[in-house]
Amino acid sequence: MPADRPRAFSGIQPTAGSFHLGNYLGAIRQYVALQETHDAFYSVVDLHAMTIPQDPAVLRANTRLATAQLLAAGLDPERCTLFVQSHVPEHAQLGWLMNCLTGFGEASRMTQFKDKSARQGAERTSVGLFTYPVLQVADILLYHARHVPVGEDQRQHIELTRDLAERFNARYGDTFTVPDVHIVKETGKIYDLQDPAVKMSKSASTPKGIVNLLDEPGVSAKKIRSAVTDTETVIRFDPERKPGVSNLLTVYATLTGRTVADLEAAYEGKGYGALKTDLAQVVADWAAPFRERAREYLDDPETLDGILAKGAEKARTVAAETLAAAYDRVGLLPAKH
Ligand code: AQP
């Protein structure tokens, strides 16, 4: 990988039996694109997954499952560095330094934490969930990432990353790269099929509102056909007035490479039923080879683990150097070996 390429970093949690369309269109598609232009590091962030209770066997299985899906979606271990977060202990180590640099009030303003903790109640919310954005800061800064491909829901966390990088640099001298968020406007927020006012989300959506990439085609088709639209009949992109139809058009356009204008013209005079039936087919056609490739990786855990071992080794080389510099800057006495 040429050294003059800018770095990219992003992480994705192994917290479900499948990624959903929001994860794919909002984030993973961008991971695949950036591996061509960037020195890209992508992590299955299992430490983040632990911010909510996990069954150990399920977490282990989901970590392989997440990796298999990333590869199936087009990540190429020859073009990017793919690894599991807990295999690189520097993440937790730099996370501690970042915790000590973050204000309590600052962390309390993270809207994702506020939403999730309000849903769960304070007693069931872990301190880990509270500090998770700070660990995410460490994830990004360890690799001197210039660009961080994420969905819109992560924008505030990348802002926090920028603030902490600047604060550290101002206090201790230039150490970290201040990253830019990389959000694709059209797909940065894919909406729940049943409630197009909110994002598609594994923890908040009802099963009918979320399209899982590994679902059987019949299951996804049924969900798409029962997507909430509006009382008009015109197929027009208008996120304000027609959020449901606009969301379907976004998914359709992105998966096929057609423009929204082209789709509007093609469906002129046709009803929502036709749009939904065709979109169900588009999703099924995309998902069939994806599921097949993911299955092949899952059937070969040795290859999968080998890819992760190589990825962790590459990631550690970079992470260890950054952590050592940060430790030195803040005045931690180096251990003598
Ligand atoms: N609906 C979405 N539209 C666009 N992008 C999305 N992402 C998530 N939902 C959407 C992006 O997917 C990446 C991985 O996210 P994560 O592993 O942190 O999972 P998440 O954000 O926790 O995903 P969920 O489904 O939304 O989970 P919950 O319900 O737990 O919050 C991120 O880049 C994210 O922006």
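Asp230, Glu232, Arg236, Asp238 and Lys242 are linked in a network of salt bridges. By salt bridge I mean a side-chain nitrogen of Lys or Arg within 4 Å of a carboxyl oxygen of Asp or Glu.

Before I go on, the basis. This is a predicted model, where local features need pLDDT of at least 70 and side-chain atom pairs count only at pLDDT 80 or more, while totals for chains, interfaces and linings use all residues. Residues are numbered from 1 along each chain as its sequence is written, and side-chain values use heavy atoms, with hydrogens and water left out.

One of its contacts joins Glu232 to Lys242, with the closest N and O atoms 2.9 Å apart. Glu232 and Lys242 both sit in the loop between α9 (217–225) and α10 (243–256), 10 residues apart. The helix labels come from DSSP runs numbered from the N terminus, where a helix is H or I with at least four residues and a strand is E with at least two.

How buried or exposed are the two partners? Here buried means under 20% relative accessible area, exposed means over 50%, and partly exposed is in between, using a 1.4 Å probe and protein chains only. Glu232 is partly exposed at 35%, whereas Lys242 is buried at 1%.

Next, the whole structure. How many salt bridges does a search of it find? The count is 17.

One of the salt bridges is between Arg167 and Glu106, whose side chains meet at 2.5 Å, N to O. Arg167 belongs to helix α8 (residues 155–172) and Glu106 to helix α5 (residues 104–108), so this pair ties together parts that are 61 residues apart in sequence. On accessibility, Arg167 is partly exposed, with a relative accessible area of 24%. Glu106 counts as buried, at 12%.

Another salt bridge pairs Asp262 with Arg258, and the closest N and O atoms are 2.9 Å apart. In this pair Asp262 is partly exposed at 33% relative accessibility, and Arg258 is partly exposed at 31%.

Last topic, the cysteines. How many disulfides are there? The count is zero, taking a disulfide as a pair of cysteine sulfur atoms within 2.5 Å. As for individual cysteines, Cys80 has 2% relative accessibility and counts as buried. Cys100 has 51% and counts as exposed.

To recap, the search gives 17 salt bridges and the disulfide count is zero.
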